[in-house]
Amino acid sequence: MIRAELMKMRTVGSTWVALAVALGGLLITQILLVTVLPAIAAGSILANEPAARAELGPVDTSSTGFQYGALDVLGASGSSGSIGIATIAVLALGLIVGTTDFRHGGILGAALARPARTVILGGKVAATAIVAAVLGVALAAVSLAVLLSLVAFSPAELALQPAEIASSLGRGVIAVVLLALLGLAVGVLLRGQIAASIVVAVVLVGEPILQGFVQLVTGSLPVWAQILPLSLARAGMAAPGDAALEPLLALAALTAIVGIVTAAAAVALRRRDL
Amino acid sequence: MNTHDTPAIAVHGLHKAYGRTVAVDEVSFTVARGRVLGLLGPNGAGKTTSMRMLLGLASIDRGQASIHGRPYAQLADPVGTVGAVLDAGGLHPGRTARQHLRIAAAMAGVDAARVDPLLDDAGLGQSADRAIRTYSLGMRQRVALATALVGDPSVLVLDEPANGLDPAGTRWLRTMLRGFAAGGGAVLLSSHILAEVAQVADEVVVVARGRVVGSGRVDDLTAHHGGDLEAFYLDLTAENAEVR
């Protein structure tokens with residue numbers, strides 16, 4: 001079943017589009033991060049816009065914080081609450097796997113071949129995890145190349161130890177896999193490509209809005225408001241101590257959310273008529 | 001359970017309702033090995049729902065449906081036992097016929113080497129690497145039928161398989177189904193093309209508004225209609241017009 005699901009992914013154009021957008025989006029985002037932001041801060045560009053410089057504040061490319069940002073495999077480190085292009089593409093990848101069979105009737109062939117529907121979902125989960133892991137490694141390679149280029153072509157020195165880099169990138173790969181599986185579970189749960197896309201869009205846009213609103217009302221960001229998928233993915237990739245939740249705890253919480261949504265999708269798939 | 005006395009397909013007292021709408025009401029029939037049974041009825045009569053319940057795709061409110069004595073979900077080798085065509089085969093328009101069949105073979109655990117002969121038999125050898133979006137309806141039906149045969153099954157369940165087929169395709173389907181039955185296979189076939197059913201089916205079951213309103217051997221049923229299945233069908237469904 002896993003081999004069949006991998007073949008399905010490989011033979012659908014939208015899978016390749018999602019992969020290309022994730023890689024291209026991350027490359028553009030991270031290059032802008034390490035080139036444009038320091039240039040604005042230094043006044044090399046937008047020299048006549050002091051307000052922009054003031055809002056941006058000092059940018060230290062040698063700081064561990066900045067270099068962790070360059071290593072962010074989802075390209076979402078530009079500012080708190082930002083949504084990276086790669087994040088959208090990774091969620092879309094899972095969503096495509098979860099909904100394509102329902103859209104074109106392939107789920108009937110799968111159910112005829114494997115009447116135990118949890119086996120069908122298991123095949124999709126495994127295939128999505130494999131492809132997302134490969135994508136995550138490619139994204140990590142892009143991020144690492146951007147960081148090393150920053151060090152090679154600017155006065156900045158490498159502030160991170162190899163173990164810190166490996167840990168950050170490894171956690172990034174896990175976050176990519178979890179977000180793809182979240183997209184898959186939402187897709188299988190809702191079946192319709194448009195409905196699932198709307199829900200994912202609401203999560204992408206709604207999470208930062210909710211956090212901003214909570215922060216505005218309470219003056220701080222309570223822990224519960226950080227136990228949301230995108231925040232957990234970001235915290236999972238952040239430097240230890242930078243986020244309210246420690247990275248491994250954040251990834252564990254994200255795993256639990258993915259597990260709950262996947263379990264709901266499994267129940268729905270078993271109970272529904274096809 | 002899988003003895004020679006057990007019908008290849010057995011449906012008994014099937015009942016299915018969606019809310020207050022009864023889709024299938026006490027439908028019963030059997031298909032023996034080596035026989036072709038035509039399931040006839042107007043649109044919305046419950047033919048497709050009955051087939052989906054037989055194949056475990058829709059839940060059964062009441063009654064039983066089995067293949068070689070077992071519910072579909074309990075078959076040890078589902079694709080090696082039953083080949084099915086539903087909804088024009090669930091074809092992704094961006095895939096080629098060859099990719100589609102290879103995926104079906106992988107899902108069934110069948111050797112991919114079986115794909116090329118099936119494509120050739122279905123007359124798709126020359127166009128197997130074109131995207132399905134460029135296919136005519138008849139070509140899509142041929143892909144769906146080839147997919148149904150991937151597991152070399154002994155039972156076929158086909159919902160409107162002749163839709164869109166040109167005369168050559170229709171003849172190919174007829175020859176294939178008769179050959180399949182002659183080899184001991186059992187076929188359950190729903191169709192609106194009554195002339196085609198008359199040529200290929202040994203028996204028919206006519207359903208209207210979810211209920212069986214007539215069944216038997218084609219020759220017996222049409223004896224009072226000059227052997228014309230269409231005349232028999234139209235008379236029978238006109239009698240049941242109130243329930244349509």
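**Exercise 1. Work out which residues of α10(A) are buried, and what they pack against.**

Solution. The buried residues of α10(A) are A:Pro229, A:Leu230, A:Ser231, A:Leu232, A:Ala233, A:Arg234, A:Ala235, A:Gly236 and A:Met237, where buried means that 20 or more other C-beta atoms, placed from the backbone, lie within 10 Å of the residue's own. This is a predicted model, in which local features need pLDDT of at least 70, side-chain atom pairs count only at pLDDT 80 or more, and totals for chains, interfaces and linings use all residues. Residues are numbered from 1 along each chain as its sequence is written, while chains are lettered from A and ligands numbered from 1 in the order in which they are written.

Next, since 9 of the 9 residues of helix α10 (residues 229-237) of chain A are buried, this helix is largely enclosed by the rest of the structure; helices are DSSP runs of H or I with at least four residues, strands are runs of E with at least two, and both are numbered from the N terminus. Finally, the buried residues of α10(A) pack against α5, α8 (162-190), α9 (193-218) and α11 (247-271) of chain A.

**Exercise 2. Describe the side of chain A that touches chain B.**

Solution. The contact takes 22 residues from chain A and 25 residues from chain B, two residues being in contact if their C-beta atoms, placed from the backbone, lie within 7 Å. On chain A, α1 (2-10), α5 (85-104) and α6 (106-113) each supply at least two residues of this side, and α6(A) gives the most, with 7 residues.

**Exercise 3. State the secondary structure and burial of chain B.**

Solution. Chain B has 9 helices and 9 strands, and 49% of its 244 residues count as buried.

Conventions. A residue is buried if 20 or more other C-beta atoms lie within 10 Å of its own, exposed if 12 or fewer, and partly exposed in between; C-beta atoms are placed from the backbone.
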